[in-house]
4 protein chains.
Amino acid sequence: MASTFGNKIKVSIFGQSHSKAIGMSLENIPAGMVLDEEKLNAFLARRAPGRDENTSKRVESDRPEFLSGFMTDENGRLVTCGAPISAVIYNEDARSADYEELKDIPRPGHADFAAHIKYGGFEDYRSGGHFSGRLTAPLSVAGGIAIQVLEQLGIKIEAEIDEIGGVKYESKEQMDSLIEAARSEGDSIGGVVKCTIKGVHAGVGEPIFDGVENRISQAIFGIPAVKGIEFGAGFKAASMKGSENNDPFVIDENGNVVTESNNSGGILGGIAIGSDIVFRVAFKPTPSIAKEQKSISYSEGKETTIIAKGRHDPCVVIRALPVVEATSALAILDLVL
Amino acid sequence: MASTFGNKIKVSIFGQSHSKAIGMSLENIPAGMVLDEEKLNAFLARRAPGRDENTSKRVESDRPEFLSGFMTDENGRLVTCGAPISAVIYNEDARSADYEELKDIPRPGHADFAAHIKYGGFEDYRSGGHFSGRLTAPLSVAGGIAIQVLEQLGIKIEAEIDEIGGVKYESKEQMDSLIEAARSEGDSIGGVVKCTIKGVHAGVGEPIFDGVENRISQAIFGIPAVKGIEFGAGFKAASMKGSENNDPFVIDENGNVVTESNNSGGILGGIAIGSDIVFRVAFKPTPSIAKEQKSISYSEGKETTIIAKGRHDPCVVIRALPVVEATSALAILDLVL
Amino acid sequence: MASTFGNKIKVSIFGQSHSKAIGMSLENIPAGMVLDEEKLNAFLARRAPGRDENTSKRVESDRPEFLSGFMTDENGRLVTCGAPISAVIYNEDARSADYEELKDIPRPGHADFAAHIKYGGFEDYRSGGHFSGRLTAPLSVAGGIAIQVLEQLGIKIEAEIDEIGGVKYESKEQMDSLIEAARSEGDSIGGVVKCTIKGVHAGVGEPIFDGVENRISQAIFGIPAVKGIEFGAGFKAASMKGSENNDPFVIDENGNVVTESNNSGGILGGIAIGSDIVFRVAFKPTPSIAKEQKSISYSEGKETTIIAKGRHDPCVVIRALPVVEATSALAILDLVL
Amino acid sequence: MASTFGNKIKVSIFGQSHSKAIGMSLENIPAGMVLDEEKLNAFLARRAPGRDENTSKRVESDRPEFLSGFMTDENGRLVTCGAPISAVIYNEDARSADYEELKDIPRPGHADFAAHIKYGGFEDYRSGGHFSGRLTAPLSVAGGIAIQVLEQLGIKIEAEIDEIGGVKYESKEQMDSLIEAARSEGDSIGGVVKCTIKGVHAGVGEPIFDGVENRISQAIFGIPAVKGIEFGAGFKAASMKGSENNDPFVIDENGNVVTESNNSGGILGGIAIGSDIVFRVAFKPTPSIAKEQKSISYSEGKETTIIAKGRHDPCVVIRALPVVEATSALAILDLVL
């Protein structure tokens, strides 16, 4: 395993920030599904850099080129044919020279040092290599397809910003000013994303290690910068009484069993109970900052400093929304198929 | 998948709260390891109910009977032989009659309703069946063995109580009084467990979906009542600046690359960096409480109430400590082998 | 992996020939299925030793004790509840002393030497340990359950003896005399088992690595003594012309697409085409024979000889029939669920 | 699963005969390995069509374009960096129009009908789609890399033709005339490939379901046209006496334990014993033949006939040799890593 996920589906993510291309393959998507390409591209555009002043300046279309898995119907639409879907995104705008320094000096907060040790010095050090946030592009392609399959099953996923830089999200203006403040200091901020999944039937999920929480969390920690996840009341539940936290079962106007509250986040014993699945994801601040930071030199074996070059988001949380949706879509699809 | 975990090891957990026995099988533990049974039993005793006034009154020895996977050496010690290890714990003290009501009325906060839908009414409704906290006994047997293997690799895991009932843990007396207060009201409280893993080498973990965070979180959500997990600064990192949250790399007195702080919890890009791995786990309050709660009757299709029978902990956090250690040991062992 | 099989189901086999018990766990069998225990025991009796003069004299009931995975209904029948099924068979009749010699001298044709190297001398050397044919007992328990699930899906599996000791099977008398001749010489013979699976729908199987052939063969080589497998015309197909080997598609009296012949064994491109799935399995002669054989002594580092002790079948093929059925049932069930 | 293979490595094969491209991703190849591209291309050329008069006329370079997984060193060589390796081969010479008939009429001996049912009529019917022999190109790219890794571990794999059209292979001239005879009749022939793997250490392989035989056979049946596999004496072992078939252990001149004969094919109990691993693979005759064959029309629901169009090998066995090597390399590498 590693860059492959899923029991029923199998998604494999490949590529490095500055390799020739990045891409993905995705197995076991049902045949006969029409891909809405326009919708997919609109979805991917939410993740793409360079859209406004608050996101990275690296400009790339990041449109996936589909290589396999589809037939084209008489209307020119892509229809899944049952074979593995594959897509690549060529890396057009890669200024490798920006990253030569990283060959010798790992950036604090990044995987550079971990990769250096893991791969014995053979790692692709250019902008994080396979650990780059750029890999969320093919992840979002795979997840964007999963979202379309789920919609046909009546399941919808929506992520929103819950906190930014430590304060409750209230308006885009407020957020923009927090981000701009960080940028002007050469610094960065993090945030919390709340994700709601509607339409998952009671009974979805498997006991012990393959419950909804297990699989969503395994997938979500695949997104760079994620440092925590909680379902329903989450960490707050730890300070509640049982009588407060338990969600009473009642019967709604349609005669369905529902819960009066949703502290469980729609999951009990790892299994969906038919309520909204709700979870929150903590993103750390972007580790690449324009300030000088302490680090070390491999070649000299001594301490030094580094200032991040290249173009970086002072806050990844905005662009992370579709990535959280895409990633949880893969986890849910794997359970509902 | 489901009740099976691991890529290199394979642990399978089986049994229900009131089935004839519960147990586990565990593959790919290296041959030639001497099992310290006394140590294992002492470890398991920390999880066993009935030890003091604050834990469940159900009295069971919960000593595993090992069926396979060992040879006995000349000193009577169990030595792994490379074959899958299996162990069972017979359910001696099962008063099924206590649970007949659950056939028709699901308990709020428990998996009863989810299992009822999932298994079409054929679920083992007695005290949660396969979803019972009792299944943490075989999980702890497997993890207790993993802990002994890890110790031989220089890796040590220690869980401690960080919060109880919403307040920072300060002393056993304080904790006991909080639990006793909840009990006296017929209620329950939750808490937060902090776990530290020392000795994992830099480089452990795989990219994207099989990083240390991904695998620990997948495993830890297998423990009933867990609703959140965070690594290092976790949710707090979301309110820090990049310049605060990044852990600077420095060189220590032995010439090793280390980080000055440990906001990352020892993990960057999913890969261990050689620092302590630190994570916090949120446990909700025990859902079984002595208070009357709203629920519904399957057979009558209408709302009703339920009061938990049987013996229940007003707080599972104390007994959860070895379970957190055991479960994370399985995740780590799977990555380091 | 190793002693665990399946993507949708998960069967784990544990135990050694002379461990306290052998057993299995089996996940993801649908809830609500009534187990016909009498039928299962009759099925297992076909595999059990000691039934007649031609099979091993070791007498054991080999009745599985089910530990979990079932509820008992009002008629005393076992009904699956969705939780992992587990069963153990205690090893009652284990004369370990018979096998002390194997600690030092590996038997030709057995896994003894391979296990000795693999497990660094810590292997359970008693009668093959985890590699013993005795492990086909829990395998048959798991597969016997799979057979009952498949029958409810309209799928039937039947294995028969096709060749015995190199000659086409014609009658039980002929077979008995061949086996008796081998026994009287202190020798053993092998044979070929033909297995037919009826009722698998067209479309079952996955491309490339998880086709019907891939998965049946992976499972079947889990049976000790199997050295070859072929589907349909198999090795004979290699000497046919395309025009002879291709099975023409025609339409039968019910309007269904069928093939005129079945050289494909019911599988094209790894996918079932709706015809009978047919395969043949080659079993080598029992390696344990009463004749003196050359081997080596680990401790003395020199050549020596060994004569098999204990009780052994001069031909395993008769008892192998239910094992082939059970094992292929697990592979097919994993694909059809 | 399906088009993904491996526990330690993960290879995913994607593409259809006439999709934009075919390709593969391959995880967990050790970092720091220099890829010998010239050697790889020479290896792939053995599989490529259009080399001589006896192989398919479709001319394609089939050179893989590596997208990720490598860094380029100062000498321009590709060096693995630990990230997943990916490669694509664009389908340059795809005359889809040749295959329009297959939309309605499945070819005998091909997966067309099975895919039609499996994918509900949405299958890529052009020349077998994902089931095409063309997918052995990316399979050989992945396996070709595995072969280079194995060579560095001292393991060598060599496949040779053992039988062609039902007769023992004796010379290229003899083979060419057999193939030419089949071609001139508009027919095709099959054959048997023998494969030898040298250098696998004793102890490689896992018990029961993940032995060397299990994993090689699972992989090898991923090659189109394979209908049987046998290890060592294989089906012949079924007609031998135990005293003949058992390979005596002896000590060679270097003091190593070896076997006098190799009827086991180097595998006992699924585990390598250090001898050559030897297996034989049966290939059926190419199903595409220039003769008229019976088939059916989906749209008309009645019987019809079909004559294969396009360019086809009258015998795939020659080109299959590197594919057998590549595929078994993936299985072995997955076990030895």
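The legends below describe close-up views of a predicted model.

**View 1. The interface of chain B and chain A.**
This view shows where chain B meets chain A: 96 residues of chain B are in contact with 96 residues of chain A. The two chains bury about 7600 Å² between them, and carbon and sulfur atoms give 64% of that area. On the chain B side, the residues that lose the most area to chain A are Phe209(B), Lys227(B) and Phe249(B), which together make up 11% of what that side buries. Polar contacts between chain B and chain A come to 38 residue pairs, counted with both residues at pLDDT 80 or more. Sorted by class, the side of chain B that touches chain A holds 46 nonpolar, 31 polar and 19 charged residues.

**View 2**
Side chains of opposite charge can pair when their charged atoms come close. Eight salt bridges cross the interface of chain B and chain A. Ile229(A) has Ile229(B) as its bridge partner.

Asn246(A) sits in the loop of chain A between helix 6 (242-245) and strand 13 (249-251). Is Asn246(A) buried or exposed? Asn246(A) counts as buried because its relative accessibility is 3%, below the 20% cut-off. The side chain of Asn246(A) reaches the backbone oxygen of Pro287(B) at 2.8 Å. Leaving aside residues up to four places away in sequence, Asn246(A) touches Ser261(A) in chain A, and in chain B it touches Pro108(B), Gly109(B), Pro287(B), Ile289(B) and Gln293(B).

**View 2. The interface of chain D and chain C.**
Here 96 residues of chain D are in contact with 96 residues of chain C. The buried area between chain D and chain C is about 7600 Å², with 64% given by carbon and sulfur atoms. In chain D, the most area is lost to chain C by Phe209(D), Lys227(D) and Phe249(D), together 11% of what that side buries. Eight salt bridges are counted between chain D and chain C. Lys118(C) and Glu206(D) form a salt bridge, their closest N and O atoms lying 3.1 Å apart. Strand 12 (residues 226-231) of chain C runs antiparallel to strand 12 (residues 226-231) of chain D, and three bridges join the two. Across these strands, Gly228(C) has Glu230(D) as its bridge partner.

**View 3. An open sheet in chain A.**
Strands of a sheet pair through backbone hydrogen bonds, either parallel or antiparallel. This open sheet of chain A has five strands in the order 1-2-3-8-5, with antiparallel pairing. Which strands form the edges? The edges are strand 1 (4-5) and strand 5 (65-68) of chain A, each of which pairs on one side only. Two bridges join strand 1 to strand 2 (residues 10-15) of chain A. Thr4(A) stands opposite Ser12(A) in strand 2 of chain A.

**View 4. A hairpin in chain B.**
Strand 18 (residues 293-297) and strand 19 (residues 302-306) of chain B run antiparallel and are joined by five bridges. Ser295(B) stands opposite Thr304(B) in strand 19 of chain B. Four residues lie between the strands of this hairpin, in which Gly301(B) takes a positive phi near 60°.

**View 5. Salt bridges within chain B.**
Asp187(B) and Lys291(B) meet in a salt bridge, N to O at 3.3 Å. The two residues are 104 residues apart: Asp187(B) is in the loop between helix 4 (172-184) and strand 11 (191-198) of chain B, and Lys291(B) is in the loop between strand 17 (277-283) and strand 18 of chain B. Asp187(B) is buried, at a relative accessible area of 4%, whereas Lys291(B) is partly exposed, at 31%. Glu230(B) and Arg280(B) form a salt bridge at 2.5 Å, N to O. Glu230(B) lies in strand 12 and Arg280(B) in strand 17 of chain B, so this pair ties together parts that are 50 residues apart in sequence. Both Glu230(B) and Arg280(B) are buried.

Key:
Residues are numbered from 1 along each chain as its sequence is written. Chains are lettered from A and ligands numbered from 1 in the order in which they are written. This is a predicted model: local features need pLDDT of at least 70, side-chain atom pairs count only at pLDDT 80 or more; totals for chains, interfaces and linings use all residues. Side-chain values use heavy atoms; hydrogens and water are left out. Contact means heavy atoms within 4.5 Å. Buried area is the accessible area (1.4 Å probe) that two parts lose on being put together, summed over both. A salt bridge is a side-chain nitrogen of Lys or Arg within 4 Å of a carboxyl oxygen of Asp or Glu. A polar contact is a pair of N or O atoms within 3.5 Å; within protein, one must be able to donate a hydrogen and the other to accept it, and residues adjacent in sequence count only if both atoms are side-chain atoms. Ala, Val, Leu, Ile, Met, Phe, Trp, Tyr, Cys and Pro count as nonpolar, Asp, Glu, Lys and Arg as charged, and the others, Gly among them, as polar. Two strands pair if DSSP finds at least two bridges between them. Buried means under 20% relative accessible area, exposed over 50%, partly exposed in between (1.4 Å probe, protein chains only).
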